[in-house]
Amino acid sequence: MDRTLVDFVKVLRTAEINVSPAETLDAMQAMDIVGYSDRNFLKDSLSMVLSKTPEEKEAFNSCFDRYFAFQKFKSDETEPGGDGEGPDQSDDSDFDQQADGQRQSGGKGSGQGMGQAGGSEAIDDENGLQPSSKLGKLLLSGNKTELTIAMAEAGREAEVNQIVVFTQKGLYTRKIMDAMGLKGLQDEIAELQAHGGRPQNQLSGKLKKARDRLREQVRDYVEKQFFLHADESGKQLREELLKKVKLSNLEKRNFKDVQEVVFKMAKKLIAIHSKRRKTYKRGQLDIRKTLRNNMQFDGMFFDLKWKASKVDRPKVMCICDVSGSVSNYSRFLLMFLYSLAEILPKVRSFAFSSDLGEVTRLFEQSNLEDAMARTMRDYGNGSTDYGQMLMDFKRQCMDDVNNKTTIIILGDARNNYGDPKSEILREMYDKSKRVIWLNPEPKMSWTVGDAEMKKYAPCCHQADVCNSLTHLERVVSNLLRSVA
Amino acid sequence: MSIKNDHKLASVEVIQKHFEERDYICNPQIATAVFLAYHLEKPVLIEGPPGVGKTELAKTAAEMLDVKCIRLQCYEGLDESKAIYEWKYGKQLLYTQVLKETLGEILEGARGLSESVAKLHEFGDIFFSEDFLEPRPLLKALKEEESCVLLIDEVDKSDHEFESLLLEMLSDFQLSIPEIGTVKARPGKKPLVFLTSNNTREISDALKRRCLHLYIPFPDAELESRIVHARVPEIPEKLRRQLVAFIQELREMDLKKVPAISETIDWARTLILLHSESLDADLVRQTLNVILKFQEDIEAVEAEIQNVTNKALKEG
């Protein structure tokens, strides 16, 4: 069972539930205490030990149901009922149902199954013929527990959990069948048919039927394994891709996925950086430190110690070009920054294509999608004019810039041959803590055509290419490091 | 781990039964959490919307086992001197003053500075010993004679640093005090620890890893009805069903703060006071402020009141 649990944990991990080895050990302990007899009890217990957020719990539930689906012998016994009365006729029609009931040839669940298995054995006895191959014996023995175990074992041997794409289903089905001893069974059937007699024919027919049924089940099993293992890792693959792809190449239908990725990345950043940002309190006497420190002065309070009082509220101002070519980048940068509200409480954002406007309010009040859409609508058209933008910025909020402010400008610096007004950027450079320019274009084209990067770059503390989520993450991470 | 009355923790059904005797109606998940917490000796982190009985669970558990419940309320700025221990500074100062007089006697016969210092060293760090230690909730829970229930309430309100402080306590049931050493729980007398969180911020993975995680959602109609029955037994059954149906309807609506179980119970008590027999739109309108705490929510519901009431009456 330990092995099963470890496999299960692997499945959970692909479903993005982060289970640590320590938690796996806890789960084993819990299983020892809880036992396997009560499915729901076990599920609740494992869910408490292994999944630690409501979302994870949901994922856990579906994983548990899928993973342990083929092993629910217990529930089967009570389930079939009428089904079990007419065994042979119903067998074929049962094919497409859940495979549990038909895992063995004659029987249906051990309750009624006993009787039927006994019945078929009786016939066999009459004929005086028993299958000789291992698989054949197993198939006709009516012991579905053993059969399931054999299948799972074979699956493990065939490494079915490595399945990646849907088309591999046939391959793995075959592999598993082989591992279970298909060859022996085939030989036996062939032999029986060659022999020809009535009992032999009967037996070979039975074996054939059982074999086909088994194949059906194995295919079913492989399919389930595929959904367990490959579906999720496929998703991970896609996410990795999304991180690297150029943001301007993203299609609208991917936005939702990207948003998810951004939130995930933001969460990671929060986890890394939030610990470093300390909120100190001002003006509280630190009695312990004071006493310690004043012991040397005969216990007189001579040198007072205060609780450290450092308030570092990073201020980020983010100026985004939202004209057609760059709007996608702006979109994701803003998405990123606003997902970080927990550690970047003061983000002011501005959008422009020619005239600059503050959109901070908009983002605080409505959700990302709406805010983005409205920003695009209000500021998105018009030809880009960086000089105008800088002038607007100077007029609107140069006074708010101080040595704690980090200014991020996102744009391609294509000014349509207008006046770049780089002297204003110079002023910003002098007044602020940092000016970061993010340019989605590759460095080579920074000076080509109407691009003014040559003039702007010297007035920035940092000028970087930024055209994928990975870039964005790096930039934001650096930003956090320096403000923290 | 052994605790008083541990036969009440023998199985999930037993726990449920004993909780029910104390008017705390719980689903199997909650009982499972208590069961595992005791048998695995692990803390339970309880999350869920406000008012679903997270704190109540810990208190009821303590009451059921007839043990002490030590509670630590977390807030921003909570630090070790309030959660773990503090030195009795006043006492230390007083003693230094008093002992100054006797210093002469102690040092009598010592020749030279080095000998005096050596003599003083013999006394050790008397000022930083257990006698001068003021235990705070966490330390208190460890030093209890008998196992107790330790409730760390609203852990999400505390700072990140405090969370890290908790780790030692939660994984090993021990606390380190630099001047004294490590204080461990008595063998077999570990406290039963419950942490609650309202999810105002994400709890760190390190802390989560050390805990069992229990999520208490809003109860379904049947469970809620039983809870109301347990807490407000005098309410007529018809009214109870209507009331629960109404609340369940409200939870489906898009509100700033949906009513929790505590609000349902308050409302039930209110309706009893008003001698109501059955819900109707007017009655609901008058008492809406008991279940909804925001004006905008009240306004939103008022528009729908007739609808929702009718639905509730039909279901109830």
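Which strands make up the open sheet of chain B, and in what order? I started there, keeping in mind that this is a predicted model.

**Entry 1: the sheet in chain B**

I traced 5 strands in the order E2-E5-E8-E1-E9 of chain B, and the pairing is parallel. At the edges I found strand E2 (69-73) and E9 of chain B. Each has a single partner strand, so one side of each is left without a neighbour in the sheet.

Strand E5 (residues 149-153) of chain B runs parallel to strand E8 (residues 192-197) of chain B, and 4 bridges link the two. To get my bearings I followed one bridge, which takes Val149(B) to Leu192(B) in E8(B).

What lies across these strands? I found helix H3 (residues 54-65) of chain B over strand E1 (44-47), E2, E5 and E8 of chain B. Its direction is at about 165 degrees to E5(B).

**Entry 2: a hairpin in chain B**

I then turned to strand E6 (residues 174-177) and strand E7 (residues 181-184) of chain B, which run antiparallel with 4 bridges between them. The hairpin that joins E6(B) to E7(B) goes through 3 residues. I checked one bridge here too, and Ser176(B) has Thr182(B) as its partner in E7(B).

**Entry 3: over to chain A**

I counted up the secondary structure of chain A and got 21 helices and 6 strands. Chain A has 484 residues, and 35% of them are buried. I also looked at contacts in chain A between residues at least 6 apart in sequence: 72% of these join residues at least 24 apart.

In E4(A), Ile408(A) is the bridge partner of Cys318(A).

**Entry 4: where the chains touch**

How many residues does each chain bring to the contact? I got 22 residues from chain B and 26 residues from chain A. On the chain B side, the elements giving two or more residues are helix H2 (28-40), helix H5 (89-106), helix H9 (205-209) and strand E9 (212-215). H2(B) gives the most to that side, with 7 residues. I sorted the chain B side by class and noted 10 nonpolar, 8 polar and 4 charged residues.

**Entry 5: the cores**

The largest nonpolar core has 94 residues, and Val34(B), Leu212(B) and Leu214(B) touch the most other members. H2(B) turns up again here, giving this core its largest share, 9 residues. I followed Leu212(B) and, leaving aside neighbours within four places in sequence, found contacts including Met48(A) and Val49(A) from chain A, and Ala33(B), Leu36(B) and Val44(B) from chain B.

Terms used
Residues are numbered from 1 along each chain as its sequence is written. Chains are lettered from A and ligands numbered from 1 in the order in which they are written. This is a predicted model: local features need pLDDT of at least 70, side-chain atom pairs count only at pLDDT 80 or more; totals for chains, interfaces and linings use all residues. Two residues are in contact if their C-beta atoms, placed from the backbone, lie within 7 Å. Ala, Val, Leu, Ile, Met, Phe, Trp, Tyr, Cys and Pro count as nonpolar, Asp, Glu, Lys and Arg as charged, and the others, Gly among them, as polar. Two strands pair if DSSP finds at least two bridges between them. Axes are lines fitted to C-alpha atoms, for helices over the stretch in contact, and angles run from 0 to 180 degrees between N-to-C directions. A nonpolar core is a set of buried Ala, Val, Leu, Ile, Met, Phe, Trp, Tyr and Cys residues joined through C-beta atoms within 7 Å. A residue is buried if 20 or more other C-beta atoms lie within 10 Å of its own, exposed if 12 or fewer, and partly exposed in between; C-beta atoms are placed from the backbone.
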